[in-house]
Amino acid sequence: MPAMHAMVFDGPGQPLHSRESDIPEPGPGQLLLEVKACGVCRTDLHVADGEIAAHYPVVPGHEIVGHVIALGPGVTGFALNDRVGVPWLGSACGRCPYCRAGRENLCDHPEFTGATRDGGYATHVVADAHFCFSLPARYSDIEAAPLLCAGLIGWRALRLAGQGRSIGLYGFGAAAHLLAQVAIAQGRQVYAFTRDGDTDEQAFARSLGCAWAGGSSEPTPVLLDAALIFAPVGALVPLALKAVKKGGRVVCAGIHMSDIPSFPYADLWEEREILSVANLTREDGETFFSAIESMPLRIVTETFALADANLALERLRAGSIAGAAVILPDPYGTSPI
């Protein structure tokens with residue numbers, strides 16, 4: 001009988017271990033997917049470290065590309081063999097005031113893929129069809145995986161940044177390397193801030209078309225209309241506030257961040273704003289995938305076998321992955337040399 005293979009967190013601070021189980025059946029409104037690729041996100045590290053709410057044991061992974069192999073009762077809009085993407089927001093209640101207002105990203109009773117329900121570090125996954133997306137054909141499974149969170153959350157952050165032409169990106173990893181290209185395609189100028197001294201990452205940013213790249217403690221060459229922070233470092237917020245012009249916005253795009261240190265009120269004055277990004281809406285996904293369908297994004301990835309998921313997380317934690325890490329279920333996965 002065919003089996004499902006997965007990598008599982010039993011609790012905070014514990015490494016992933018392998019698990020074999022029966023392939024699950026999709027329930028009402030659900031899809032059963034054969035996983036083709038799953039991106040590795042910094043949120044997976046927060047699940048590993050117990051820094052965000054999760055239900056253990058849990059299979060992490062919320063940047064999932066898969067093919068539909070079974071449909072639960074009542075599913076519409078998808079068919080067998082369709083390629084779909086599964087994002088972080090796995091379901092919403094549909095009843096709370098936020099859901100009724102089209103703000104399901106703030107749902108009072110949400111489920112999160114790879115945290116409160118099993119995710120994509122596996123050969124198979126069950127997903128709520130209402131929160132799955134069709135994916136642009138121009139991107140391969142490996143390329144599409146990082147779009148499901150790094151791309152989507154970056155897109156929401158960019159939309160919250162407003163229409164400013166000069167955008168600063170703090171932390172140039174999976175999300176920023178995608179978002180930089182989208183913003184440049186929109187006619188904006190992008191300024192990349194990396195760890196101080198990380199000349200390789202700065203060269204990578206410039207190769208993607210950024211107008212400038214430097215360390216996060218360096219002054220920006222121009223005042224910014226908005227700064228988007230992807231690194232989970234609260235100390236970047238006061239630095240970003242100093243870099244934005246009057247009326248500028250600092251958007252904190254991570255689900256978890258270290259404490260923000262105190263700063264003078266003068267740095268916030270003149271109608272500067274600090275705001276956070278929480279999850280995503282279906283409308284974010286629909287507009288994002290529509291926008292990039294004709295946009296030739298260069299998506300930089302490094303692939304890992306499912307059995308090497310711990311290594312992928314270690315590399316991500318160390319900041320030694322350019323672009324995005326992607327896990328491929330065995331036997332299709334490839335380990336780094």
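## Surroundings of Ser-91

In this predicted model, Ser-91 is in contact with Pro-110, Glu-111, Arg-117, Asp-128 and Phe-131, once its neighbours within four places in sequence are left aside. Ser-91 belongs to strand 6, which covers residues 89-91, and because its relative accessibility is 11%, under the 20% cut-off, Ser-91 counts as buried.

## The largest cavity

The count of cavities of 30 Å³ or more comes to two, and the largest cavity holds about 50 Å³ of space. Its lining is formed by Val-86, Pro-87, Leu-89, Gly-90, Thr-113, Arg-117, Val-126, Ala-127, Asp-128, Phe-131 and Cys-132. Strand 6 and strand 8 (124-128) are the elements that give two or more residues to this lining, and strand 8 gives the most, with three residues. By class, the lining of the largest cavity divides into seven nonpolar, two polar and two charged residues.

## The second largest cavity

The second largest cavity has a volume of about 40 Å³ and is lined by Pro-87, Leu-89, Glu-104, Phe-131, Phe-133, Leu-280, Thr-281 and Arg-282. Five nonpolar, one polar and two charged residues make up the lining of this second largest cavity.

## Helix 1 and its covering

Helix 1 (residues 42-49) is largely enclosed by the rest of the structure, because six of its eight residues are buried. These buried residues are Thr-43, Asp-44, Leu-45, His-46, Val-47 and Ala-48, and what covers them includes strand 3 (30-40) and helix 10 (309-318). Just after helix 1, Gly-50 takes a positive phi of about 70°.

How values were computed
Residues numbered from 1 in each chain as written. Predicted model: local features only at pLDDT ≥ 70, side-chain atom pairs only at ≥ 80, totals over all residues. Heavy atoms only, no water. Buried < 20%, exposed > 50% of the residue type's maximum accessible area, 1.4 Å probe, protein only. Helix = DSSP H or I, 4+ residues; strand = E, 2+ residues; numbered from the N terminus. Contact = heavy atoms within 4.5 Å. 1 Å grid on protein atoms, 1.4 Å probe; cavity = no way out; pocket = protein on both sides within 12 Å on 5 of 7 lines; lining within 4 Å. Points joined across faces, edges and corners; volume = space filled by probe spheres on them. Nonpolar A, V, L, I, M, F, W, Y, C, P; charged D, E, K, R; others polar.
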